[in-house]
Structure formats: C-alpha cells, structure tokens
Amino acid sequence: MNDQKPSASRGAFVSKTGFILAAAGSAVGLGNIWRFPYMTGMNGGGAFVLVYIIAVALLGIPLLLVEFTIGRHGKVNAIDCYRKINEKTKFIGYIGFFSAPLFLAYYSVTSGWTIFYTIKSFTGLTSIPAEGIADFFFSFVANPWKPLIFHFIFTALTVYIIARGIQGGIEKYSKILMPILFGFLIVLMVRSLTLPGAAKGIAWFLKPDFSKITPGVIVAASGQIFFSLSVGMSGMLTYASYLKGDENLLQTAGIVTFFDTLVALMAGLVIFPAVFTYGLEPAAGPSLIFMTLPTVFGSMPLGSFFAFVFFALLIVANLTSSISILEMPVAYLIEKKGMTRPKAAILVGAIGFGLGCVVSLGYGAWSFLSINDMTVLDIFDYIGSNIVLPFCALASAIVCGWVWNKGAFQEISNNGLINLQAGKVWLALVRYVVPVLMFLVFLGQVGVISLG
Ligand code: TRP
C-alpha cells in the first residue's frame, strides 16, 4: 500500500511542487482559454458559468481526487491500477487507453491553429479589421495542407517530450512559463475590461439568466469540467501513479482546481468584453477565441508583440496538457507490452495524428463529414467530453466509493494521518452525491440527444 515505492525504472515526481505543476499543467490549457469561453458562448453565458462553478465543487474536485487516490495507490499504469482494486474495473482504464488518441487528435489540431497564430502575429495578424477576421480564420482552417503541417508540428513536439520522459524538460520550463502566461492574461483582462462594450460583456458572462439553465447546459457544463480538469480518461490517475505516498492529495486537488477555474474565468473576462465591443457572435463555437483575440491585441499598443508572446505561451500550456493525454497510453504500452518509451510515444502519436487529419480536413476538403452542422471536431469533442469522460468519471466514482471504499479512505488520509474529517466528506460525496448528479446528467444527455 502506501509504503510501496514506485519501482526505480518507472520514474517518479521528485518534489511535491513538481507534481502540483504537472497536474496544473495538465489541467490548464486550451480547455480554459479556448473551450471554456466558447462553451459559455454557446450555452447562454452567466447561467452556464454558475452551473459550472457549482459543479466544479460537487463533481470536479471529488472526481479529481478519485483519480489521484487510485493512481497513487496503484503506482502502475492506469489499467493495472484499476485491476489492483478489482479485476472487473479495469475496463475504465481500457476506455481511457482507447480514447486517448481521440483527445490527442483534436487537441493537437487546435493547438496547431495556435502555432499558426503565433507565427502570424509578426506578419499582420493584429492589423486585420474585426470584420475580416472570420474570413481569415476560416480560409486558414479550410486550406488542405497548412493546418495539417501545424497539427503535425504540435503532435511531434508532444511525442518528443514524452519520448524523453517528463521530468527533464517540461517540468522545468512550465515552472517559468506558466506564471508568465498568467501575467499576460491579467494584462489582456485589463485591456478588455476597458473596452467600450465591456459592461455588456461582463453582464452577459457573469449575470445568470436562470431561465437558460436547461438539461443541455448542465450536460455541457459537466463535460467542460471533465475536459478542463483532465478527469475521466485516467490522465491524472497516471500522473498520480508517479507519486511516492506522503503527499496531501486533498490540498493538491484544491490548488489545481482553483487555478484551473481562475484561468477559465479570466479567459472569459478577456473574450466577452471584446465579443460585445466588436459585435461578434458569442455562440460562434470553436472559432471564437481565434476571431476575438487578434482584435483585442490589435487595439493595444505593442499589439503584435503581445499577441506573439501570448500565443507562444499558449502553445506551452497546450503542451503540458497534451503530454498528459499521451502519457496515459504510453505508460501502459511500456509496462505491459514491453515497448520502449520512444516507440510507444511514436505509435500513439501517429494514431492521434491520423485521426487529427480527419478533424482538420473536416473544416475544408472533407466538410461533407459533418452531421447537423457539427464538424468532425465537434463530433469528436462531443463523444469525448460529453459521453466518454462523464461515463468513466461516474464509473471511477462508483469503484472508488463502493468497491474500494475503506481502502480509498486510507489512501486519501495517508493511512489515517491527515485530513480525517475532510476525507470522510469526500468519500460521502463520491458515494452518494457524485453518482446521483451524474445520473441526472446522463438523463439530461439522453434528453439532449433525443430532442436534438
Ligand atoms: N485539461 C486540458 C485542458 O484544459 C486538456 C486535457 C488534458 C484533457 N488531459 C486530458 C482532456 C484528458 C480530456 C482528457 O486543456
């Protein structure tokens, strides 16, 4: 149990801060800066934000802790971590394993757009007039080969980092780069909040219109939580499997969730004042930040410089997330299939790249693949975030709370040494509150699908 040390060959996080940074790095990424604003935009603004914040406390933190405890207890790849609790529960790990390439696919396509914007910030991105930015964006994503190149570059970077092992590079760089990204968000927020349409944007973003809280909004908010906190695919579980055993998991989950939510809210306060100032459509979908941010930068002194640094930092934030997607299946392939780290990383990366090509072409040459206005990206994301992640998260809560139960309490309390009361509250949430809420989310899901 707790005194079991990870085997030397597996590697481990050297420090407590190292793990917090890696987990926060996994959480903070496109989910906060790209997906949260566009989901808010498509789901009625303040109503979505309110549901999101309540659900972060009731679902997000407890489920993140489920992954942390199961991972640290098992100290092995995700599938075997579940197996250690009960042979029958390993399917949760397998679903994570097989869905990893799907997440990697559209995550790197979108990150590829970020790379393109980084390069373009030198050459006129910020001087495109607000009316022209949609054309600019859509003609780029519809190009048959350009977005594929950037998708390839991003996937290759992810594979490279994972092939080398996590500790060497990314842990070191995130320590410096993530705080800088945070600083830039503050600067951007100040700029946006002083735009002429800011008041309208803020009201739309933060003032809930209760009539807009529909089953669809609740399903979307829960999907957003899982995506944003990297919960459900056993990515966080895999990271926690590299822990030694005496960390305060509750505290770590609290810190990670706090920053993840803060960054998302800050991103909303950057985007929506601009949306309302420049008369853009809040429900634009995945293209939203790519159509608002250039205009916000364009309205600032030294705009191209700021745009460059911001998008470059976003690439880093995305890398610290995409590596956590890739590490999950790679850990399994190394431990169970005897593959070398580079080989496993290249294999999964290649599958993700292939799937990503379909996602990317779905915006141009293969747009016939869309269903009911949903592009391939929307479809992948819907299956991933609204079906796979909630299903696995619910299953993990049932396994943790009902099958493992006392063992889970021992693990989270470090064998009865810390957080006894909080641990009990957590276990009660995992046993009762999470399953009931998730069941309601699934009912809503069925409603959303059958009502279209
Ligand atoms: N949480 C990351 C973000 O917000 C994305 C991410 C990392 C993820 N690991 C994941 C999403 C696992 C789903 C599953 O950008």
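Colleague: Where does Asn-77 lie?

Modeller: This is a predicted model, in which local features need pLDDT of at least 70, side-chain atom pairs count only at pLDDT 80 or more, and totals for chains, interfaces and linings use all residues. Residues are numbered from 1 along each chain as its sequence is written, and side-chain values use heavy atoms, with hydrogens and water left out. Helices (H or I, at least four residues) and strands (E, at least two) are DSSP runs, numbered from the N terminus. Asn-77 is in the loop between helix 3 (46-74) and helix 4 (78-85).

Colleague: Is Asn-77 buried or exposed, and what is its relative accessible area?

Modeller: We call a residue buried under 20% relative accessible area, exposed over 50%, and partly exposed in between (1.4 Å probe, protein chains only). Contact means heavy atoms within 4.5 Å. Not counting residues up to four places away in sequence, Asn-77 touches Arg-10, Ala-331, Tyr-332, Glu-335 and Lys-336. Asn-77 is buried, with a relative accessible area of 0%.

Colleague: Which helices do the buried residues of helix 4 pack against?

Modeller: Helix 4 is mostly covered, with six of its eight residues buried. Those six are Ala-78, Ile-79, Asp-80, Cys-81, Tyr-82 and Ile-85. They pack against helix 3, helix 5 (90-120), helix 11 (235-240), helix 14 (303-337) and helix 16 (376-404).

Colleague: Asp-80 and Arg-83 form a salt bridge, but which network of residues are they linked in?

Modeller: A salt bridge is a side-chain nitrogen of Lys or Arg within 4 Å of a carboxyl oxygen of Asp or Glu, and the Arg-83 to Asp-80 one comes in at 2.6 Å, N to O. The two are about one helical turn apart, because they sit three residues from each other in helix 4. Asp-80 is buried at 10% relative accessibility, while Arg-83 is partly exposed at 25%. The network is made of Asp-80, Arg-83, Glu-87, Lys-90 and Lys-336.

Colleague: How many residues apart are Arg-72 and Glu-247?

Modeller: Their side chains meet in a salt bridge at 3.2 Å, N to O. The pair links distant parts of the chain, with Arg-72 in helix 3 and Glu-247 in the loop between helix 11 and helix 12 (249-277). Both ends are under cover: Arg-72 is buried at 0%, and Glu-247 counts as buried at 9%.

Colleague: What is the N to O distance between Arg-341 and Glu-327?

Modeller: Glu-327 is buried at 1% relative accessibility, whereas Arg-341 is partly exposed at 21%. Their side chains meet in a salt bridge, N to O, at 2.8 Å.

Colleague: Which side chain joins that of Thr-158 in a polar contact of 3.0 Å?

Modeller: Thr-158 lies in helix 7 (146-164) and is buried at 1% relative accessibility. A polar atom of its side chain lies 3.0 Å from the backbone oxygen of Phe-154. The side-chain partner is Ser-322.

Colleague: How far apart are the C-alpha atoms of Gly-25 and Val-316?

Modeller: Gly-25 is in helix 1 (residues 16-27) and counts as buried at 3% relative accessibility. Leaving aside neighbours within four places in sequence, Gly-25 is in contact with Ala-317, Thr-320 and Ser-321. Val-316 is 291 residues away along the chain, yet the C-alpha separation is 9.1 Å.

Colleague: What share of the ligand's exposed area does the protein bury?

Modeller: Near the ligand (a heavy atom within 4 Å) there are 16 residues, the closest being Ala-27, Gly-31, Tyr-107, Phe-227 and Ser-230. A polar side-chain atom of Tyr-107 lies 2.6 Å from a ligand oxygen, and an N or O atom in the Ser-324 side chain is 3.2 Å from a ligand nitrogen. Accessible areas come from the Shrake-Rupley method with a 1.4 Å probe; for residues, only the protein chains shown count as cover. Taken alone, the ligand exposes 360 Å², and the protein buries 100%.

Key
Polar contact = N/O pair within 3.5 Å; in protein donor to acceptor, adjacent residues only side chain to side chain.
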